[in-house]
Amino acid sequence: MIRAGHAARVSGESRRAFLRASVAVGGGLLLDFSLPGVLGARENSAEAGSTLNAFVQISNDGTVTITSKNPEIGQGIKTMLPMLIAEELDVDWAGVRIEQALSDPARYGVQFAGGSRATPLNWEPLRRVGAAARQMLISAAAQVWSVPVSECDTESGKVVHTPTKRRLSYGRLASKAAMLAAPDLTQVTLKDPKNFKIIGKSCAGTDSPLVVTGKPLFGIDVTVPGMLYAVFVKSPVFGGTVISANLDTVKAQAGVRDAFIVSGGAVFNGLGNGVAIVGANWWLVDQARESLQVAWDEGATAAQSSTGFARQAVEFSTQAPGVKLAADGDVARALGASAKKLEAAYSYPFLSHATLEPQNCTAHFHDGKVEIWAPTQNPDAGRKIVAKTLGLTDADITIHMIRCGGGFGRRLMNDYMVEAAWISKQAGAPIKLLWNRQDDVQHDFYRPAGFHFFKAGLDSAGKLQAFSDHFVSFGENGKAAPSADMSANEFPAKFVANLELGISFMPLGVPTGPLRAPGSNGLAFVFQSFIDEIAHAADQDPLQYRIDLLGERRQVGAFDTGRMIDVLALVRDKSGWTRRKPPKGSGMGVAFYYSHLGYFAEVVHATVAAGGKITVDKVWVASDVGSQIINPTGAENQVQGAALDGIGEALGQAITLENGRVAQSNFNDFLLLRMNQAPPVEVHFLKTEHPPTGLGEPALPPVLPALCNALFAATGVRIRSLPIDPQLFV
Amino acid sequence: MHFTIRINGKAHEVEADPQMPLLWVLRDLLDLKGTKFGCGKSFCGACTVHSNGVPIRSCVTPVSSVGSAAITTIEGVGATPLGKAVQNAWLAVDVVQCGYCQAGQIMSASALLAKTPKPSDMDIDKAMSGNICRCATYTRIRAAIKQAAGMSTADSRDTFT
């Protein structure tokens with residue numbers, strides 16, 4: 001059982017050590033270290049051990065406990081972040097205990113899981129935290145021995161006085177070290193990477209022994225004393241509100257204790273409108289929905305549909321874009337002068353996140369405070385919503401970050417958290433809110449659909465001279481809906497003399513949000529597919545054409561062409577691109593994409609059978625995420641999973657809107673990749689002299705176009721719309 | 001209604017609606033939280049348990065249909081050498097990402113190996129395609145099954161050398 005009252009292990013303000021790492025505007029990393037380490041009364045109890053800073057605690061028997069500050073959603077962060085600290089602390093990894101932090105940004109700095117940011121944001125700061133604790137232990141030993149600090153070193157959990165070979169274990173030194181002033185984090189010495197003992201070695205998932213034996217770990221497993229269960233029934237049409245409901249009938253159903261109308265607001269990432277049903281047994285409460293009848297005011301969104309959007313997009317495409325993103329050279333003139341012209345319309349659908357653990361949250365409102373157990377990627381943002389909605393202050397809200405059964409961006413939103421808090425307050429009891437699968441599929445923050453209308457012109461040598469995209473997306477008042485935007489730097493912008501990128505917005509009324517590699521997961525498909533069309537029109541090798549398009553090795557904004565050229569060359573080599581001759585019905589496709597600071601080039605080998613059945617035979621991934629793969633086993637797992645996730649999206653996934661509601665409801669109509677569809681994925685990391693960057697997302701985008709380009713190579717059929725329709729091959 | 005059901009070798013007494021799925025009896029009446037809810041309609045396999053050694057989807061199994069069958073869950077599967085070997089292989093291969101589906105995967109995998117001690121890649125596809133892994137750890141699930149079977153973890157489908 002995951003129990004209530006997982007109190008912060010550190011009680012005294014005087015023992016607090018602060019570290020902040022914040023993201024500067026523009027994406028740069030701003031390190032703001034302050035570790036006041038106030039001298040004086042540090043009460044270190046025998047059972048709790050001695051606290052050296054917010055992240056490191058050492059008990060008298062030498063047990064080292066490292067706090068992991070970020071939410072675990074399956075990206076392996078609860079293993080990887082503590083590795084950084086343990087490396088510089090110089091302890092044996094096998095003996096390290098890892099604890100999940102509470103949500104407490106004042107203590108731990110920013111705590112979230114998103115944007116593949118954990119590696120770039122923590123790579124240096126958390127190593128400094130470990131090094132600072134080590135330095136305190138060395139200082140304590142030097143005091144005990146009355147020797148200069150410079151004569152001391154460490155070795156796996158011990159301080160060594162080098163001249164005399166005397167040793168003192170960290171456990172013996174911890175309480176003394178905890179009394180010392182914490183060093184200035186900017187001044188501590190970090191290891192030479194060649195001396196790393198933990199970083200760069202595969203460390204298996206820290207919670208995995210509990211996973212494989214079925215121990216309660218996830219949000220859905222939380223139990224608190226006196227807890228009731230709740231479901232929350234929302235309007236099938238987004239933004240719909242309750243006019244009336246037969247609450248008395250519902251309250252009379254077996255197992256139901258209470259049922260009430262919730263009148264929330266119009267903000268999707270907040271308290272919604274609907275009917276809450278509360279009882280002692282979740283299954284009975286969920287069954288009671290069958291007796292519920294609600295008169296909904298469905299609102300304006302009831303008029304929206306996916307087919308309507310597709311029709312509108314075509315109409316928009318005949319007009320000039322609403323917003324010009326990039327306008328270089330003279331596209332019209334260059335097109336007119338082109339030896340070869342191409343035109344193509346591409347589209348991709350809405351997608352649901354479909355975390356396998358449905359959205360859920362446990363909340364206990366009492367005495368003007370609320371304690372929350374949430375599987376969330378973004379706890380502090382949830383705290384703000386709960387505070388605002390329930391009229392509380394941030395300090396009234398305790399949030400336990402519980403392991404998430406998948407995130408993929410869905411749990412950056414905290415709608416389910418505020419629902420749970422509100423229902424607990426209304427019900428006067430701790431409650432566990434659990435959505436069923438239909439709730440989850442039909443009340444997501446969807447990856448927005450998108451429609452792209454491309455033109456390109458080539459000269460007689462096949463060189464790309466003109467390029468334009470009119471992206472018809474969603475938004476209002478000239479502003480894109482969440483995750484529905486495009487950058488002015490979208491490749492090949494800055495690589496073609498005459499280029500226009502424009503965007504038009506259709507009003508939507510449906511919640512959208514980041515899905516793993518947001519933006520990129522759709523844009524990579526359309527741009528890297530159309531570039532493939534261009535390469536074929538030029539009658540050139542599609543991989544070499546891309547290298548030629550990247551041109552000289554140079555920096556273009558944040559993008560380093562040399563790094564991308566190198567991963568393209570690597571994937572060409574590893575996949576046997578040049579030498580392999582796929583049999584009839586099979587083909588190889590390539591694509592590259594830069595996102596989340598990572599450089600990825602991928603090749604797919606795919607086969608189409610006579611009836612149109614697609615087999616993805618193999619994926620090769622070449623990547624450059626900098627100088628160091630921190631945890632190789634976790635890194636490979638993320639890359640393989642991301643590539644397969646993209647294959648799943650391409651092969652089967654679409655959310656469609658009909659009359660303002662989602663047509664799909666479960667895994668029989670929203671199709672996730674399965675074992676028999678999952679090809680082998682070969683992963684290569686090119687190590688370069690750049691700071692390490694994240695891996696949760698950037699392997700995903702290029703695999704979709706690489707697959708579609710492989711299908712073109714296999715059949716001559718160009719896939720311009722996702723998911724792939726096998727009928728096209730028949 | 002009153003039911004006596006046998007779970008992991010032990011008899012449990014429960015009061016439940018006869019239609020209540022075994023999944024929810026396990027999770028919320030008996031506090032065995034290892035078996036997971038994913039879809040409620042047998043599409044995803046997260047709720048897989050064994051009934052007399054056969055993998056079933058507990059989310060669509062009414063408690064009244066269980067009778068005297070011996071139910072094994074993720075909490076009990078490690079009691080046999082085979083179940084333990086599967087769990088150990090999962091750790092050695094470091095399969096887990098989010099971990100939510102893995103109880104169901106391990107239950108399906110251990111049922112496969114009990115029937116087919118040396119499964120081919122096709123056998124694995126057949127036995128495991130009812131279990132969704134949203135993180136798509138399929139490459140490692142496949143390898144872990146083979147490792148538990150004492151086989152080479154190479155993927156026979158990968159003919160690209």
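A: Happy to start with the chain contact: 50 residues of chain A are in contact with 48 residues of chain B, where contact means that C-beta atoms, placed from the backbone, lie within 7 Å. This is a predicted model, in which local features need pLDDT of at least 70, side-chain atom pairs count only at pLDDT 80 or more, and totals for chains, interfaces and linings use all residues. Residues are numbered from 1 along each chain as its sequence is written, with chains lettered from A and ligands numbered from 1 in the order in which they are written.

On the side of chain A that touches chain B, H17(A) gives the largest share, seven residues. H17 (632-652) of chain A also packs against the buried residues of H5(B), as do strand S32 (681-685) of chain A and, from chain B, helix H2 (81-93), H3 and helix H4 (121-128). Helices (H or I, at least four residues) and strands (E, at least two) are DSSP runs, numbered from the N terminus.

Now to H5(B) itself: eleven of its eleven residues are buried, so H5(B) is largely enclosed by the rest of the structure. Buried means 20 or more other C-beta atoms within 10 Å of a residue's own, C-beta atoms being placed from the backbone. Among the buried residues are B:Arg140, B:Arg142 and B:Lys146.

The contact between H3(B) and H5(B) is made by B:Gln105, B:Ala109, B:Leu112 and B:Leu113 of H3(B) with B:Ile141, B:Ile145 and B:Ala148 of H5(B). Just after H5(B), B:Gly150 takes a positive phi of about 70°.

How values were computed. Contact = placed C-beta atoms within 7 Å. Buried ≥ 20, exposed ≤ 12 C-beta atoms within 10 Å, placed from the backbone.
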